[in-house]
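Hello,

Here is the structure I promised to pass on. My notes on strand pairing and helix packing follow below it.

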Amino acid sequence: VGGAILEGSGVDYQRSRQVVVFYNGKYYGIHDMRERFNKNFVETNYGYDASSVTFLKHLGIKVEASNGTPDEYLAMLEYAAAHDFATDNDAYTYMTQLMDMGNFANYMLAEMYVHNGDWPNNNVRVWKSPESPLWKFMIYDLDHGFDWEWGVSSFSSGTNMFKWVKQGGRDNGSCYTSSNKAFTGDKAHCFHVLYTKLIENPNFKRLFLNHAAVMLQSYLNAENVRAKAKFLAGMLNSEDVARDMDVEAYKERRGTYPHGFDANGERLGPWAEERDGKFLSEIQEEFGVGSMTSVSITANGKGSIVMDGMTLPSANYKAKFFAGNAMVLTAVPEAGSIFGGWTGCEPVAGTPETCVATVAEGLSITASFK
């Protein structure tokens with residue numbers, strides 16, 4: 001479910017299907033057969049030559065490559081650790097040439113929403129290729145998400161994910177730090193250096209809040225969680241489910257976590273309903289933003305609108321955004337079409353396809369194409 005709710009968000013996840021497994025004639029129950037995260041995932045899903053892909057696994061201060069080398073990624077981490085993005089916008093601009101900021105924001109929001117305790121000090125996957133030269137981050141291993149009752153040191157259902165990220169996750173891990181400035185030596189290679197440093201930049205903060213608004217309303221919410229859980233549960237035959245529930249090895253494990261386990265995923269809905277409000281409150285507290293207000297963004301004609309690096313879910317998108325936050329919009333005409341102009345948004349001098357608006361009640365923006 002954690003991956004399925006991200007379909008269309010620009011964040012990679014492992015698609016899967018449930019299969020009944022027999023091995024040497026012995027029944028082993030229902031298993032989740034997933035795509036494998038490696039260079040071939042990129043080739044299969046993007047059409048890029050697998051041999052050209054750099055694919056990395058990031059665990060604590062260790063970065064390992066299953067294809068290519070980690071050198072450029074490590075250099076990026078070290079650069080982020082060494083710069084003050086609050087005052088150095090050139091440094092931020094340089095980082096935008098290395099990593100996909102929109103993907104990164106959506107990835108961080110997804111991990112935070114599902115409340116993954118086994119992250120950010122673990123389970124980070126990242127890739128790039130010559131055809132897609134900006135680093136992209138991938139959702140991987142959400143077993144400790146959705147407040148499933150595993151034991152994660154110093155983590156609980158009440159843990160604030162912004163604080164968790166900025167401390168580097170587990171307090172007994174190699175990346176734990178009591179100060180978000182302490183990114184020297186090996187700690188410069190910790191994944192959470194990226195968010196902790198970048199969020200100090202006003203441009204990234206603006207982008208992050210706008211992406212949060214779209215993610216919460218279009219992807220990370222109880223309605224979507226319920227729908228995806230129902231869809232996945234519907235793939236299973238009820239007789240297979242009953243037989244799977246009788247496998248002794250699994251009975252013991254399920255009994256250990258009675259709160260978290262549910263064969264039909266029905267407990268995820270109530271969890272998400274509570275999480276929706278809780279995570280929104282965490283965002284408002286973290287950034288000092290208040291209420292959300294309705295905004296309408298429309299692409300009129302043959303073209304689309306990209307908001308702070310994010311393609312909107314529909315050509316006529318109506319949603320709530322954080323009042324007072326600016327947004328940067330870019331008009332993208334389709335082949336054979338040209339951009340005609342903006343309504344309700346101030347064009348940027350020298351780049352008329354881009355405009356800037358401040359979120360306020362009743363804001364309505366239209367990009368016209370002809």
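Keep in mind that this is a predicted model.

I began with strand 11. Strand 8 (residues 303-307) pairs with strand 11 (residues 326-333) in the antiparallel sense, over five bridges. Here Gly 303 has Pro 333 of strand 11 as its bridge partner. Strand 11 also runs antiparallel to strand 14 (residues 351-358), and five bridges join them. In that pairing, Thr 330 sits opposite Thr 354 of strand 14.

Four strands make it up, in the order 10-7-15-12, with mixed pairing. Strand 10 (316-322) and strand 12 (339-343) are at the edges; each has a single partner strand, so one side of each lacks a neighbour in the sheet. From one strand to the next, the twist averages 15°. Strand 7 (residues 292-300) and strand 15 (residues 363-369) run parallel and are joined by six bridges. Ile 297 stands opposite Ile 365 in strand 15. Helix 7 (residues 202-218) packs on this sheet and touches strand 7 and strand 10. The direction of helix 7 makes about 120° with that of strand 10.

Last, a helix pair. Helix 8 (residues 222-233) and helix 11 (residues 268-287) have axes that come within 8 Å and cross at roughly 165°. An angle over 145 degrees counts as roughly antiparallel, so helix 8 is roughly antiparallel to helix 11. The crossing is right-handed. Helix 8 contributes Ala 222, Val 225, Arg 226 and Ala 229 to the contact. Helix 11 contributes Leu 268, Gly 269, Pro 270, Ala 272, Glu 273 and Asp 276. By class, that contact has six nonpolar, one polar and three charged residues.

Best wishes

Technical notes:
Residues are numbered from 1 along each chain as its sequence is written. This is a predicted model: local features need pLDDT of at least 70, side-chain atom pairs count only at pLDDT 80 or more; totals for chains, interfaces and linings use all residues. Side-chain values use heavy atoms; hydrogens and water are left out. Two strands pair if DSSP finds at least two bridges between them. Helices (H or I, at least four residues) and strands (E, at least two) are DSSP runs, numbered from the N terminus. Axes are lines fitted to C-alpha atoms, for helices over the stretch in contact, and angles run from 0 to 180 degrees between N-to-C directions. Angles under 35 degrees count as roughly parallel, over 145 as roughly antiparallel, 65 to 115 as roughly perpendicular and the rest as oblique. A crossing is left-handed if the near helix is turned anticlockwise from the far one by less than a right angle, and right-handed if clockwise. Contact means heavy atoms within 4.5 Å. Ala, Val, Leu, Ile, Met, Phe, Trp, Tyr, Cys and Pro count as nonpolar, Asp, Glu, Lys and Arg as charged, and the others, Gly among them, as polar.
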